[in-house]
Amino acid sequence: MSGGGERGYASATGSGSESRPRDDIDRRRRTSPPPGWRRPSRRRVRAIRDRLRELYGRRRNDPHGDPVHELVLTILSQNTSDGNRDVAYRRLRDRFASWAAIRDAPAEEVIEAIRPGGLANTKGPRIQAVLAELGDEADLDWLRTAPREEAVGYLTSLPGVGRKTAACVMIFALDRPEVPVDTHVHRVGGRLGLFPPAISLEGAHDEMLAITDRGDAYELHMNLIEHGRRICRPRPRCGECALARMCVALRAGLVEPAA
Ligand code: SF4
């Protein structure tokens, strides 16, 4: 595997926005804020950033510079653990000499290679379909300098690629500011009032982009996930939470804290 910065998004919980169950849930959610919703001010977002930074440190992105690697890795990450994803990726790259070789291989061979990552019958054909779209060169370096809308629009036009995968490619490979919204970011961000809690993952991506300073995107993504893993769990530990005084959901009685 090529190098890469620390990656934070949840993948073991079916959080992939591209997984079918999440899509089904997401379609019932709003993609834009409801009438009357007021975006948090930049000042408030920075205050949340600073509090999270006190807790978890200031994370620095270390982009690895390989968008095709990130694209394939993120497809493999759906509905599995990071460890199983990495085993599947390593087996895939060891078995085939190039992206073109993966694209042109019999589907069963690709499926067999990535089987440890789970959902191989879905992910194998999806990876091959994406590589077929990329052509012989499989070159996505143009994403470095393309206008953001063009870059994200292209990525999300690829088969089975949604906003979270596109955001992961942009930030983890190229350090282009995006805040991938996984299940943790969606839960914690909604509770803190960064976006309406019932908004779709797609809508949450738009909101996070609108309220986040460019230089804070990676740090906010990572630290929201960390907070979601440690404290603001599905059953939140509000009694231990250093952000309790900033929490919209707690103030409104919308969460049931763990005992
Ligand atoms: S107060 Fe509770 S719900 Fe709010 S951010 Fe903290 S843990 Fe999450």
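Guide: A residue counts as near a molecule if its C-beta atom, placed from the backbone, lies within 6 Å of it. The model discussed here is predicted.

Visitor: Which residues are the closest to the ligand?

Guide: The ligand is surrounded by 15 residues. The closest of these are Cys-232, Pro-236, Cys-238, Cys-241 and Cys-247.

Visitor: How many residues of the shell around the ligand are nonpolar, polar and charged?

Guide: Cys and Pro both count as nonpolar, which is the class of Cys-232, Pro-236, Cys-238, Cys-241 and Cys-247. For the shell around the ligand, the division is two charged, no polar and 13 nonpolar.

Visitor: Are helix 10 and helix 12 roughly parallel or roughly perpendicular to each other?

Guide: Helix 10 spans residues 183-191 and helix 12 spans residues 217-230; their axes lie 8 Å apart, at an angle of about 85°. Angles of 65 to 115 degrees count as roughly perpendicular. The two helices are therefore roughly perpendicular.

Visitor: Which residues make that contact, and how many of them are nonpolar, polar and charged?

Guide: Helix 10 contributes His-184, Val-185, Arg-187, Val-188 and Gly-189. From helix 12 come His-221, Leu-224, Ile-225, His-227, Gly-228 and Arg-229. Gly counts among the polar residues, and the contact of helix 10 with helix 12 has two charged, four nonpolar and five polar residues.

Visitor: Is helix 3 roughly parallel or roughly antiparallel to helix 7?

Guide: Helix 3 (residues 67-77) and helix 7 (residues 120-134) have axes that come within 10 Å and cross at roughly 160°. Angles over 145 degrees count as roughly antiparallel. Helix 3 is therefore roughly antiparallel to helix 7.

Visitor: Is the crossing of helix 3 and helix 7 left-handed or right-handed, and which residues make the contact?

Guide: The crossing is right-handed. On helix 7, the contact involves Lys-123, Arg-126, Ile-127, Val-130 and Leu-134. By class, the contact of helix 3 with helix 7 comprises eight nonpolar, no polar and two charged residues. The residues from helix 3 are Val-68, Leu-71, Val-72, Ile-75 and Leu-76.

Visitor: Where is Ala-138, and is this residue buried or partly exposed?

Guide: Ala-138 sits in the loop between helix 7 and helix 8, and its phi is positive, near 45°, in a residue other than glycine. Burial requires 20 or more other C-beta atoms within 10 Å. Because Ala-138 has 19, it is partly exposed.

Visitor: What is the phi of Asp-175?

Guide: Asp-175 belongs to the loop between helix 9 and helix 10. With 17 C-beta neighbours inside 10 Å, Asp-175 is partly exposed. Although Asp-175 is not a glycine, its phi is positive, at about 60°.

Note on methods:
Residues numbered from 1 in each chain as written. Predicted model: local features only at pLDDT ≥ 70, side-chain atom pairs only at ≥ 80, totals over all residues. Axes fitted to C-alpha atoms, helices over the stretch in contact; angles between N-to-C directions. Helix = DSSP H or I, 4+ residues; strand = E, 2+ residues; numbered from the N terminus. Parallel < 35°, antiparallel > 145°, perpendicular 65-115°, else oblique. Contact = placed C-beta atoms within 7 Å. Left-handed = near helix turned anticlockwise from the far one by under 90°. Buried ≥ 20, exposed ≤ 12 C-beta atoms within 10 Å, placed from the backbone.
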